[in-house]
Structure formats: C-alpha cells, structure tokens
Amino acid sequence: MTDSDNQQKWPALPATLSNIAVTKNSGKYESVSSNYFKVGHPRLVFMAENDEQVSHVVEYAGNVQRFVGHQIPFSVRSGGHGITNYSVNDGGIIIDLSQMNQVNILDEAKGLVKVQAGAVWGDVADKISKADLVLSSGDFGDTGVGGLATSGGLGLLVRKQGLTTDQILGATIITADGKKRNVNKEENSDLFWAIRGGGSQVGIVTEFIFQADKVEPAKSGQRVPIGTMIK
Ligand SMILES: Cc1cc2nc3c(=O)[nH]c(=O)nc-3n(C[C@H](O)[C@H](O)[C@H](O)COP(=O)(O)OP(=O)(O)OC[C@H]3O[C@@H](n4cnc5c(N)ncnc54)[C@H](O)[C@@H]3O)c2cc1C
C-alpha cells in the first residue's frame with residue numbers, strides 16, 4: 001500500500017456501519033489495529049456486534065473494491081493470536097469479532113455448547129466447566145475461538161478428544177457474497193468440511209456449535225481440568 005492508495009477515495013460508509021467503524025482519527029484506533037505479533041495500519045476497523053453487521057462489512061468491502069478497481073487487504077480477527085498475521089493489514093479493512101463473544105450451554109446433558117467466534121478460550125472454559133463440561137482447545141486462555149477452531153486446535157485434551165475442529169457440530173458463516181449460511185453435516189456440508197481447517201478461506205465464521213464432553217468432578221470436589229489453562 002502506498003500513500004496515494006491510502007488517500008484514494010472510498011465509497012461513503014453506509015449508515016449501518018458508521019457506528020462500528022474505527023478510523024485513524026479515533027482514540028481507539030491504536031488498540032484495535034494490531035494483533036499479538038504485528039502492528040497493523042488498516043484504513044478502517046469494524047467492531048461487529050452481530051451477523052447482520054458482518055454481512056454489511058463484507059458487502060461494503062466488495063463495494064470498495066469495485067469502486068477503486070483493485071483488491072484491497074481484508075482481514076478477519078477474532079482473538080488476534082494468529083501466528084500468520086493475516087488478521088491485520090496495512091491500508092485495508094479489518095473486521096473484528098471480539099464484541100461477539102457469547103458462550104451458551106444449549107443442552108447440558110448432551111454437552112451442546114454454542115460459542116460466538118469472538119470469545120476467547122479461557123472464557124469458554126470458565127463457563128462450561130461450571131457444568132462439568134470440557135472442550136479440547138488450546139492451552140492459552142486468551143487465544144480466540146474463531147482462529148483456533150477454524151484451523152485445528154491442539155490443547156491439553158487432544159489425546160482424549162482430538163482437535164477442536166473434531167468437536168464442531170455446526171457453524172454459522174458469512175460468505176463472500178455477504179450471505180449468512182448454516183453449515184453442518186446436512187446443510188452446506190461442503191462448507192462445513194472446509195471451515196474445519198480452512199480458516200478464513202471460505203467465509204467468516206460467526207458462531208460454532210460444539211460437542212463438549214461431560215466429566216465427573218474429582219472426589220476432592222475440585223473442578224476439572226481446564227483450570228490449568230494459562231490466562
Ligand atoms: C500465545 C499463543 C498461544 C497459542 N496456543 C495454542 C495452543 O495451545 N493450541 C493451538 O492449537 N494453537 C495455539 N496457538 C495458535 C492459535 O490457535 C492460532 O494462531 C489461531 O489461529 C489464533 O486464533 P485467534 O482467533 O486468536 O487469531 P486471529 O489472529 O484473530 O486469527 C487467526 C487467523 O484465523 C482467521 N480467523 C479468525 N477468526 C476467524 C473467523 N471467525 N472465521 C474465519 N477465519 C477466522 C484470521 O483471518 C487469521 O487468518 C497459540 C497462539 C499464541 C499466540
């Protein structure tokens with residue numbers, strides 16, 4: 001990105017996005033433009049709060065590209081712990097999902113857990129361990145659900161439960177056309193296959209349904225095991 005690229009005119013922000021856009025003039029810019037490894041210099045960061053806003057950001061990014069006549073950098077960030085640095089960029093758009101961080105137990109007996117992509121694994125562990133449920137994830141509590149669950153997920157429970165991707169029963173994704181799609185074994189099964197390892201190559205995952213395991217509390221009454229996750 002050159003300086004002249006950065007000054008190039010972009011289409012006006014739609015009303016649905018102006019409240020969640022962070023620009024260089026905002027006091028928040030510095031804290032939302034980087035990830036764990038890299039300082040980014042995006043032109044815009046969108047702090048999405050729901051699926052509709054994620055769709056609108058994807059549509060807006062498409063409009064910008066058509067308007068300027070070339071590709072612009074576009075990054076998806078959940079926890080910002082990505083080692084590849086793809087979750088930040090210079091001169092483009094970052095969509096940040098950290099506001100979409102709800103963790104809900106749908107069915108305690110069956111171990112069904114719904115988690116938004118912007119949650120971090122420490123919060124997932126805190127919430128589900130209260131119901132004696134565990135999910136294989138990473139061993140670092142600040143790592144994001146979105147990046148880890150779309151790329152593999154190697155954690156303390158890997159020998160028992162496998163990878164985090166093995167525990168995904170379904171997800172909601174926003175694809176490049178801005179459409180929201182449910183993906184699971186029956187519905188959009190090709191996309192369901194692709195998100196379990198394909199990361200952001202096929203869309204933005206906003207929510208996962210996971211199969212957690214039930215564990216018995218230790219006799220000491222101490223709750224198990226993800227308390228060992230580093231925070
Ligand atoms: C300190 C540290 C400890 C770690 N420990 C472990 C560990 O124990 N086990 C393990 O398996 N890994 C571990 N990792 C690696 C980590 O799981 C991956 O880098 C993971 O991608 C980070 O996810 P994130 O959401 O925090 O990252 P982000 O930087 O937000 O994203 C990383 C990548 O995933 C893509 N992405 C993010 N969110 C979404 C989404 N919602 N939909 C589609 N694509 C998305 C991004 O575009 C980017 O390419 C660790 C990394 C760090 C820095």
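Guide: A residue is near a molecule if one of its heavy atoms lies within 4 Å of it. This is a predicted model, in which local features need pLDDT of at least 70, side-chain atom pairs count only at pLDDT 80 or more, and totals for linings use all residues. Residues are numbered from 1 along each chain, and side-chain values use heavy atoms, with hydrogens and water left out.

Visitor: How many residues surround the ligand?
Guide: The ligand is surrounded by 31 residues. Among the closest are Ser 78, Gly 82 and Asp 139.

Visitor: How do those residues divide into nonpolar, polar and charged?
Guide: The shell holds twelve nonpolar, 17 polar and two charged residues. Asp, Glu, Lys and Arg count as charged; Ala, Val, Leu, Ile, Met, Phe, Trp, Tyr, Cys and Pro as nonpolar; the others, Gly among them, as polar.

Visitor: Where does the ligand lie relative to domain 1 and domain 2?
Guide: Both domain 1 (3–96) and domain 2 (103–228) contribute residues to the shell, so the ligand lies between them. These bounds come from an automatic or database domain assignment.

Visitor: Which element gives the most to the shell?
Guide: That is H6, with three residues. Helices (H or I, at least four residues) are DSSP runs, numbered from the N terminus.

Visitor: What distance separates a ligand nitrogen from the side chain of Ser 78?
Guide: A nitrogen atom of the ligand is 2.7 Å from an N or O atom in that side chain.

Conventions:
Polar contact = N/O pair within 3.5 Å; in protein donor to acceptor, adjacent residues only side chain to side chain. Helix = DSSP H or I, 4+ residues; strand = E, 2+ residues; numbered from the N terminus.
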